[in-house]
Amino acid sequence: MPIPILLAGLGAVAGIVGAGGHLSAKETNKEAQRVLAEAQKLYNEEKASLERAQRQVRSSRLRPPVLFPW
């Protein structure tokens, strides 16, 4: 008779440990998503900055040089 009680107790403990692990994983995932969003924002800002600089270089190369700026 005590074996089913022990198995039920072990099952309950395993369930509690599993739920605790799930909550920990959920928090870790939230943090990872936050870091990913910040990294994506930084990437997009730097990409836009690079594209602006490239446009400036292209437009400056297309203009004829000013030989006598008087």
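Helices (H or I, at least four residues) and strands (E, at least two) are DSSP runs, numbered from the N terminus. By that definition the protein chain holds one helix and zero strands. This is a predicted model, in which local features need pLDDT of at least 70 and side-chain atom pairs count only at pLDDT 80 or more, while totals for chains, interfaces and linings use all residues. Residues are numbered from 1 along each chain as its sequence is written, and side-chain values use heavy atoms, leaving out hydrogens and water.

- Of the 70 residues of the protein chain, 0% count as buried (under 20% relative accessible area; exposed is over 50%, partly exposed in between; 1.4 Å probe, protein chains only).

**Salt bridge**
- The structure contains one salt bridge (a side-chain nitrogen of Lys or Arg within 4 Å of a carboxyl oxygen of Asp or Glu).
- This contact joins the side chains of Glu-31 and Arg-34 at 2.7 Å, N to O.
- Both Glu-31 and Arg-34 lie in helix 1, three residues apart, about one turn of the helix.
- Glu-31 is partly exposed, because its relative accessible area is 40%.
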